[in-house]
Structure formats: C-alpha cells, structure tokens
Amino acid sequence: MILIKLLAFRTLPSATVGQYFTLVRSLTCGVTRLSKKAEQLENDEPVAEDLPVTFVDDDAESEEAREARIATLRNKSRLLPQHRNMLHGVLPYEQSQSWIHETVKYKRMMLGRYGIDGSRVDPRVCFPTKQEAYEKAEYERVAYPFTLKQMMDANEMARKTRKAAIEAREAEVARKLEKLDQWTTDLNARIAKKEAEARAAKERKDRLVEEVRRHFGFKVDPRDERFQEMLALKEREDRKKVKEAKRKEKEEKMMEKLQKKTAQFETDETSEQTKQ
C-alpha cells in the first residue's frame, strides 16, 4: 500500500506535492493545539467571577464573594474608588497614599468627618502634646502679657477718654455756636470797614488827581513826569494832614479821659469830706 501511494505521489507534479505537504502540516499543528487546549480546560476549573451570572453555581460560591461580585457588577458610576467612598460617607483610602495622609491636620479632619470607627484614627491626636501645650502657653504669655482684668480696665479707661474728648469737642462747638452771631456781625463790620477804606482811598486818589490837573490849568497825561511828581507831592501833603488829624483826635480823646478822671477824683473827695 505504501508503495502504491509513493507511486501515486511520483505521478503528481512537484508543485502539487508541495501544497499537499503544507496542508498536512497545518492540519497536524491545528490538531495538536486543540488537544493541548482541551487538556488545559480539563485541568483548570472555571472561576466564578469569569463566568456570567446565569452560569455561576451559588452553592460553590461563598456569601462574601457573591456579595462582592454583585457589588462590583452593580457599580456603574465609573467613579474612582476613593471618590465613590466619599460619596457613600466612607473613608476614602484604606491605606495612606501620600505624606499628607500622615499629618495631624488630615487625621483630625478624618476623625471629625467619619468618627472614631469610620476614620480608624486614634482620638488622642486631637489633643496637644506637652511640647505643643508649652509652646502655646509661651506664645500667649508673650503675645498677650496682660490679664483679662487689666485689659478690661484699659479698655474702660480708653472708652472714658474717648467719651471725654467727644464731650469736650461738643462743648467747644456749642460755645462757638453761641458766638456765631457776634462773629458774623464783626465780620460784616470788618468787611464794611475795608470797603469804606477802599472807597475813601479811591475818592482821595481821584481828588488828588483833580487837584493836580487844576494846578496845571490844562489837561495833562497822568503818565507825564510832571504830573507824577505833583501827584506824589499832593499825596505827601494829604498824608501829613491825615496824620495831623489823627493826632488831634487822639489828643482830644486823652483830654476827655483826663477830664473824666479829674471829675471822678473831685467827686470822691467831696463824698469823703461829706462823710467826715
């Protein structure tokens, strides 16, 4: 039989023989792989998590594994585990993920948010250590050297001082308001006096200019030197007259005061003689 097959192969072309051997080799490899996979499937038992829910044997699966598998299938939020834990009010991380998670501030925050059982934090971290208590006491001693009674007394003294200053200011304002009418009258009088002096000076200037023009007997340009010289002369004469008039007025006032004092002295002497 083998001889017949070999004779038959000899009658086939060389290209056909090569294709035949290639096909046989591929079939042999495929059969070998299938046999190995079947042996592996026989040796390995399927895991419950890898099988669909309808093919899982409830008797062979524990209650905890079943609850965990159902919880995993039920989670459709696509949130990170720590974010999902925070959403359900659970501690975000089972273990520390960063140096921040080991700080006292973070532990105190977790303890206040999730409680003693939920945070798994020793509640003693909420209380200061001896060194921290000493440093805090030293800081308070330096920053706040006065006692509560001393600070209250200082505050009361400052309040009384401010109140006295306000009362003094209000009294001063009231006193000045009382004098407001008199000040207004005096101001108006000073303004009227200045206006009167200005008018008098203008009138005196006009009068002197007119006297200078009459002196020359013809119209002269005020910018002329002769006119300016004569005007200066008239102003000096006028100032002398004003000064003399003020002197006489002052002398008259002094004489009047002397007469009043003399009359008062004579009256006093007469009254003393009458008493004697």
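Predicted model: local features only at pLDDT ≥ 70, side-chain atom pairs only at ≥ 80, totals over all residues.
## Overall fold

Let's start with the big picture. The protein contains 9 helices and 0 strands, so the pattern along the sequence reads α-α-α-α-α-α-α-α-α under the helix and strand assignment used here. Of the 276 residues in the protein, 9% are buried.

## The largest nonpolar core

Which residues form the largest nonpolar core? There are 6 of them: L208, V209, V212, F227, M230 and L231. Two helices, α8 (residues 180-216) and α9 (residues 225-275), each supply at least two residues of this core.

Leaving aside residues up to four places away in sequence, L231 touches K205, L208, V209 and V212.

## The largest pocket

Now for the largest pocket, which has a volume of about 240 Å³. Its lining is made up of 13 residues, and those nearest the centre are L91, Y93, S96, H101 and S119. By class, the lining has 5 nonpolar, 4 polar and 4 charged residues.

## A closer look at S119

S119, one of the residues nearest the pocket centre, belongs to helix α5, which covers residues 104-119. Is S119 buried or exposed? S119 counts as buried because its relative accessible area is 4%, under the 20% cut-off.

The surroundings of S119 are worth a look as well. Not counting residues up to four places away in sequence, S119 touches L91, M110, L111 and Y114; L91 is also among the residues nearest the centre of the largest pocket. A polar atom of the S119 side chain lies 2.4 Å from the backbone oxygen of G115. For a sense of distance, the C-alpha atoms of S119 and R108 are separated by 9.3 Å, with the two residues 11 apart along the chain.

## Two arginines with positive phi

Finally, here are two backbone details to check. Most residues other than glycine have a negative phi. R78 has a positive phi of about 60 degrees, although it is not a glycine. Where does R78 lie? R78 is in the loop between α3 (63-74) and α4 (81-87). With a relative accessible area of 83%, R78 is exposed.

R120 also has a positive phi, near 60 degrees, and is likewise a residue other than glycine. R120 lies in the loop between α5 and α6 (130-143). R120 is classed as exposed because its relative accessible area is 56%, over the 50% cut-off.

Key: Residues numbered from 1 in each chain as written. Heavy atoms only, no water. Core = buried A, V, L, I, M, F, W, Y, C linked by side-chain atoms within 4.5 Å. Buried < 20%, exposed > 50% of the residue type's maximum accessible area, 1.4 Å probe, protein only. Helix = DSSP H or I, 4+ residues; strand = E, 2+ residues; numbered from the N terminus. Contact = heavy atoms within 4.5 Å. 1 Å grid on protein atoms, 1.4 Å probe; cavity = no way out; pocket = protein on both sides within 12 Å on 5 of 7 lines; lining within 4 Å. Points joined across faces, edges and corners; volume = space filled by probe spheres on them. Nonpolar A, V, L, I, M, F, W, Y, C, P; charged D, E, K, R; others polar. Polar contact = N/O pair within 3.5 Å; in protein donor to acceptor, adjacent residues only side chain to side chain.
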